[in-house]
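Dear colleague,

Please find the structure below, with the sequence alongside. My notes on it follow.

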Amino acid sequence: MNLCATRCVAEFGNPCQNFCPANVYEMVADGGGKRLQINSSNCVHCKACDIKEPYTDQITWVTPEGGSGPNYQSL
Ligand code: SF4
């Protein structure tokens, strides 16, 4: 998680704040710096974070509640 406030902000500008459609990933002020806050209850299970995060091994998204996840009928 420290990678977000150090290396990722410098190299990529914390893109998780932009590619997540549900604002799950949020960099918030913490003392003199920033820290990652994860608002997991907002997640809409699109899996974009697992695909788009720049370091490829920092986010491993898994389906919630035993693999059920949402049932999108209109997609
Ligand atoms: S799967 Fe990832 S990108 Fe999609 S809404 Fe959930 S946290 Fe955001």
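**Findings**

His45 is located in the loop between strand 2 (33-38) and helix 3; helices (H or I, at least four residues) and strands (E, at least two) are DSSP runs, numbered from the N terminus. The model is a predicted one, in which local features need pLDDT of at least 70 and side-chain atom pairs count only at pLDDT 80 or more, while totals for chains, interfaces and linings use all residues. Residues are numbered from 1 along each chain as its sequence is written, and side-chain values use heavy atoms, with hydrogens and water left out.

His45 has a relative accessibility of 26% and therefore counts as partly exposed (buried means under 20% relative accessible area, exposed over 50%, partly exposed in between, with a 1.4 Å probe and protein chains only). Its C-alpha atom is separated by 7.3 Å from that of Thr63, 18 residues away along the chain.

The structure also holds one aromatic pair. The ring centres of Phe12 and Tyr55 are 5.5 Å apart and the planes stand at 80°, so the pair is edge-to-face (rings of Phe, Tyr and Trp, the last by its six-membered ring, pair if their centres lie within 6.5 Å; planes under 30 degrees apart count as stacked, over 60 as edge-to-face and the rest as tilted). Phe12 lies in the loop between helix 1 (2-11) and helix 2 (16-19), and Tyr55 in the segment after helix 3 (48-52), so the pair ties together parts that are 43 residues apart in sequence. Phe12 is partly exposed, at 44% relative accessible area, whereas Tyr55 counts as buried at 14% relative accessibility.

Yours sincerely
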